[in-house]
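Hi,

Here's the structure I said I'd pass along.

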Amino acid sequence: MVLSTLFVGLLATIPVLAHDHTFCDSVVPPRNVTLPRNGTVGTNGTAFITGSPWRLTKRQTAPAPPAVPIYIHIVAGSQSRQDGYLTDAEVDTQMDIIHNLFQPYGITFQHDPSMRKWVVNASWAGPSRDNFNEMKEALHKGDYRAINLYIRNITVESYGGSCTNPWTHEEVNKTPFPSRLLRDGCVINTATLSGSGHAYMDQGKTAVHEIGHWFGLFHTYEDQGVRDGFNPPNPCWVGNPDDDVLDTPKCKGVAAGQCNKKQNTCPEPAGAEPVYDAVDNYMSESSDACYERFTEGQKQRMYAVYEKYRKGETRG
Ligand SMILES: [Zn+2]
């Protein structure tokens with residue numbers, strides 16, 4: 001399995017950090033972007049990373065965000081269910097999953113049926129994974145504190161979704177308002193809804209993963225040294241900040257659909273207690289059946305990122 005990452009589409013469109021084995025296209029900012037780093041020291045395994053200069057920044061604390069509005073756009077190829085035209089009940093189910101899985105972390109959402117809209121557009125739905133920006137700019141609602149969730153019928157089975165980190169368009173693209181605001185939001189493939197029958201994305205948890213990105217989380221294997229310019233990348237190196245969260249162990253990645261809870265791609269020194277890869281983490285890109293949790297460090301990071309990058313940004 002090749003785990004290399006590469007930048008494509010640097011001109012005109014959003015740079016996309018693509019993982020050739022994975023199903024999420026979310027963009028990671030370059031290293032020169034200042035990001036909040038946080039985490040909990042002392043969790044099992046952190047002894048191996050406390051020597052990293054990236055990990056010794058002051059722990060950031062922030063309150064839980066107020067209920068986050070979610071606008072849902074159902075983007076279908078036609079008015080048939082086969083082309084992604086969902087029922088209200090299906091949207092309710094997806095919202096229940098989002099509510100239920102974030103609730104243990106003190107994150108709540110505000111949504112009522114007036115905040116969902118059905119859109120039929122044969123170019124936004126279909127085989128293309130692109131043209132997010134045109135779609136988003138046409139449909140976006142609310143300000144930077146609101147999530148826009150596009151349930152888009154993309155007929156690429158391996159595709160799960162993508163989402164913008166709060167700083168993506170400002171720092172990576174230098175995109176001014178209003179485009180920076182209008183392009184904010186998460187896309188999930190209709191095929192990831194609960195009961196879809198997808199081999200590894202069939203419990204509606206792709207939305208949870210993508211909303212994790214909206215709150216500033218990276219994949220648990222993120223970076224792999226590439227963002228720090230290591231050549232060749234060494235994701236296991238003690239100084240690699242990977243996802244900037246202390247209590248998610250360093251990892252080379254998880255094969256889509258896999259759930260080996262004893263996977264350990266960055267083994268500890270001989271004789272030390274093994275710290276297994278966080279394959280059950282929502283940000284691991286393993287599978288819906290495997291996803292079970294965010295860590296305390298991720299929760300704190302979501303709070304801190306919301307406070308710093310979303311709460312105060314009220315333009316639009
Ligand atoms: Zn992702």
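Keep in mind that this is a predicted model. I'd start with strand S3: 7 of its 9 residues are buried, so the rest of the structure largely encloses it.

Its neighbours come next. S3 pairs with S6 in the parallel sense over 6 bridges, and Tyr-71 has Asn-148 in S6 as its bridge partner. Strand S5 (residues 116–120) also runs parallel to S3, joined to it by 5 bridges; there, Ala-76 is partnered with Val-120. Then there's strand S4 (residues 109–110), again parallel to S3, with 2 bridges. Pro-69 sits opposite Gln-110 in S4. To get from S3 to S4 the chain passes through H1, and this β-α-β crossover is right-handed.

Now the core. The largest nonpolar core has 49 residues, and those touching the most other members are Val-75, Ile-147, Leu-149, Ile-151, Cys-186 and Ile-211. Elements giving two or more residues to this core include strand S3 (68–76), helix H1 (88–102), strand S6 (147–152) and helix H5 (206–214). S3 supplies the largest share, 6 residues. As for Leu-149, if you leave aside neighbours within four places in sequence, its contacts are Ile-70, Ile-72, Gly-185, Cys-186, Ile-188 and Ala-207.

For the overall picture, the protein chain has 6 helices and 8 strands, in the order β-β-β-α-β-β-α-β-β-α-α-β-α-α along the sequence. Buried residues account for 45% of its 316 residues. Of the contacts between residues at least 6 apart in sequence, 71% join residues at least 24 apart.

Cheers

Key:
Residues are numbered from 1 along each chain as its sequence is written. This is a predicted model: local features need pLDDT of at least 70, side-chain atom pairs count only at pLDDT 80 or more; totals for chains, interfaces and linings use all residues. A nonpolar core is a set of buried Ala, Val, Leu, Ile, Met, Phe, Trp, Tyr and Cys residues joined through C-beta atoms within 7 Å. A residue is buried if 20 or more other C-beta atoms lie within 10 Å of its own, exposed if 12 or fewer, and partly exposed in between; C-beta atoms are placed from the backbone. Helices (H or I, at least four residues) and strands (E, at least two) are DSSP runs, numbered from the N terminus. Two residues are in contact if their C-beta atoms, placed from the backbone, lie within 7 Å. Two strands pair if DSSP finds at least two bridges between them. A crossover is right-handed if, with the strands pointing away from the viewer, the path from the first strand over the helix to the second runs clockwise.
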